[in-house]
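I opened this model to look up a few things.

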Amino acid sequence: MKIKKFAAIDIGSNAMRVLISNVIETKEGVHFQKNALVRAPIRLGEDSFTLGEISKKNLKRMINAMKAFKLLMKVHGVSHYQAFATSALREANNSRDVVEQVKKKSGIKIEIIDGRKEAEIISNSKICDFLNVQKTFLFVDVGGGSTEFTFINDGKRVSSKSFKIGTVRLINSLVDDKVWESIRNWIIKNAKPYRKITLMGSGGNINKLFKLSKIREGKPLSIIKLNQIFMELESHTYDERIVNFELNPDRADVIIPAARIYLKALEWAGEQKIYVPKFGLSDGMIKLMHKNLCKKY
């Protein structure tokens, strides 16, 4: 048995996080085991989508977070890591300077990835191992700045698209009706060849919504239950959501628009339930790192 530790740094629009995983190689195969997950609530998307650039204040916070992540990786004995940034840095006018400053002061190199690559990495998992009773999936990952939709049939990705709709954009009223219409048309068009589609949700908000539902892990969240939680959250103030639902301050506002996106995806796909396998960009990054290393040796 060989055990290595890999780390994935996901620089999103609503938060930054580092996932440290054990990569266990045995004669039977490779196992990926989550070891630690640390999240820093730095909302880069609010800067990028409203100001057009990352502010000095958030750049400083970002550098401090990356320094902390590097120390954490050192303590864990991480052998390989990657740092990917998504829509907030993709769209910031000063993204090149931000990447240079972070590299200079923390030693961590950031790669800014496009929406297509983000969707591919997120869906880079053995989804059919999670649910082998269905053959066609619509994988939906809601972020702060973008949402990635991926259709998977017989274990193969057949189509994917990233849309500029996310929770941070929505709470800042930066999404018009045309984007919603584009998503609706894309889902309906790509769902046509299939008789039945199973929806799978990814991201911090759907994980929290699933937790609030109190449904047993592995079981699906119904559209009725999701809508019920959505309406209940919407009926409370921001402060009440933090106290009554035990939500973090940076989760209490974005969870409502996230629920709206998942509800619309269910409606347009003509489905009644969504599975939450607790898999996201950072998980896909770990698997991608291992895959690329295997190619080298």
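My entries follow, one topic at a time.

**Ground rules.** I am working with a predicted model, where local features need pLDDT of at least 70, side-chain atom pairs count only at pLDDT 80 or more, and totals for chains, interfaces and linings use all residues. Residues are numbered from 1 along each chain as its sequence is written, and side-chain values use heavy atoms, with hydrogens and water left out.

**L89.** I looked up L89 and found it in helix α3 (residues 87–91). Helices here are DSSP runs of H or I with at least four residues, strands are runs of E with at least two, and both are numbered from the N terminus. L89 has 1% relative accessibility, so it counts as buried. The cut-offs are under 20% relative accessible area for buried, over 50% for exposed and in between for partly exposed, with a 1.4 Å probe and protein chains only. Leaving out residues up to four places away in sequence, L89 touches I54, M62, S95, V98, I110 and I112. Contact means heavy atoms within 4.5 Å. I also checked S13: it is 76 residues from L89 in sequence, yet the C-alpha atoms are 8.0 Å apart.

**Helices α9 and α12.** At what angle do the axes of α9 and α12 cross? I read roughly 90 degrees, with the axes of α9 (residues 204–213) and α12 (residues 255–269) coming within 9 Å. That makes α9 roughly perpendicular to α12, a label for angles of 65 to 115 degrees. Axes are lines fitted to C-alpha atoms over the stretch in contact, and angles run from 0 to 180 degrees between N-to-C directions. From α9, N205, I206, K208, L209 and L212 meet I255, A258, A259 and Y262 of α12.

**Salt bridges.** I counted 12 salt bridges, each a side-chain nitrogen of Lys or Arg within 4 Å of a carboxyl oxygen of Asp or Glu. I followed up three of them.

- D283 pairs with K34, closest N and O atoms 3.3 Å apart. D283 lies in helix α13 and K34 in strand β3 (residues 30–40), so the pair ties together parts 249 residues apart in sequence. D283 is buried at 13%, whereas K34 is exposed at 51%. D283 also contacts L19 and K278.
- R43 pairs with D253 at 2.8 Å between the closest N and O atoms. Both R43 and D253 are buried.
- K196 pairs with E271 at 3.1 Å between the closest N and O atoms. K196 is partly exposed at 33%, and E271 is buried at 9%.

Definitions and conventions:
Angles under 35 degrees count as roughly parallel, over 145 as roughly antiparallel, 65 to 115 as roughly perpendicular and the rest as oblique.
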